[in-house]
Amino acid sequence: AKVPGIVYGAGTPAMVELDHNALFFALKKEAFHSSILEMDIGGKVEKVLLRDYQMHAYKPMVLHIDFQRVDETRLRKKVPLHFEGEELSPAVKTDKCLVSHVRTDLEIECLAAQLPEFVTIDLSGLTKNQSLHASDLKLPEGIKAVKRGTLNPVIVAVTTPKVEEEVAATVVVAPEKGKGAKPRKEEKQQKGRGG
């Protein structure tokens with residue numbers, strides 16, 4: 001089976017057809033989504049980036065795919081974030097905090113040739129109650145996060161674990177809720193018999 005696709009940007013859009021199975025497996029690889037790919041378009045090898053693809057609603061089938069030609073200008077692309085060093089951070093080691101990865105990707109701007117497959121974020125410096133915003137990330141040279149107006153999204157949030165006393169309190173409350181629910185059932189039954 002072949003998957004229809006389009007390659008646009010820098011010149012005239014070109015229609016392409018790709019082998020379905022090869023494409024299906026390629027889409028499962030993270031690198032395929034954020035690397036510059038070489039594609040033979042009408043006998044000429046061009047550099048392209050995956051921009052979009054459509055999957056079938058319930059079958060494991062790719063219906064359509066979009067690529068964008070890459071020239072040597074700066075481009076914007078979402079890349080996956082890989083986190084490391086979390087378990088070494090004071091937040092986790094000392095304060096037993098929970099670290100939640102609020103965002104797992106980031107839109108970056110860089111030269112096409114510098115586009116990384118992913119960006120690694122070092123979390124070993126995280127401390128209690130700290131949040132890492134997009135502006136706090138240390139990105140490789142030449143790569144910058146794309147800003148959307150004044151927004152500075154939270155990438156990683158550190159939350160302190162709930163105090164154990166709270167947990168004990170909820171356990172005590174639970175049986176009372178159970179007792180409260182029983183008489184209501186009996187009332188309903190009585191009404192049923194009466195009618």
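The model is predicted: local features need pLDDT of at least 70, side-chain atom pairs count only at pLDDT 80 or more, and totals for chains, interfaces and linings use all residues. Residues are numbered from 1 along each chain as its sequence is written, and side-chain values use heavy atoms, leaving out hydrogens and water.

**Exercise 1. Which residues touch the most other members of the largest nonpolar core, and which elements give two or more residues to it?**

Step 1. A nonpolar core is a set of buried Ala, Val, Leu, Ile, Met, Phe, Trp, Tyr and Cys residues joined through side-chain atoms within 4.5 Å. Buried means under 20% relative accessible area, exposed over 50%, and partly exposed in between (1.4 Å probe, protein chains only).

Step 2. Find the residues. The largest core has 25 residues, and I121, L123, L126, I155 and V156 touch the most other members.

Step 3. Find the elements. Strands are DSSP runs (E, at least two residues), numbered from the N terminus. Two or more residues come from each of β6 (74–84), β8 (105–111), β9 (119–122) and β12 (154–159). β6 gives the most, with four residues.

Step 4. Look elsewhere. A second, separate core holds 18 residues, including A26, L27, M39 and V62.

**Exercise 2. Where does V102 lie, and which residues is it in contact with beyond its neighbours within four places in sequence?**

Step 1. Locate V102. It lies in the loop between β7 (98–101) and β8.

Step 2. List the contacts (heavy atoms within 4.5 Å). Beyond those neighbours, V102 is in contact with V154, I155, V156 and A157.

Step 3. Compare distances. V102 and V154 are 52 residues apart in sequence and 6.6 Å apart in space, C-alpha to C-alpha.

**Exercise 3. In which sense do β7 and β12 pair, and over how many bridges?**

Step 1. Two strands pair if DSSP finds at least two bridges between them.

Step 2. β7 and β12 pair in the antiparallel sense over four bridges. S100 stands opposite A157 in β12.
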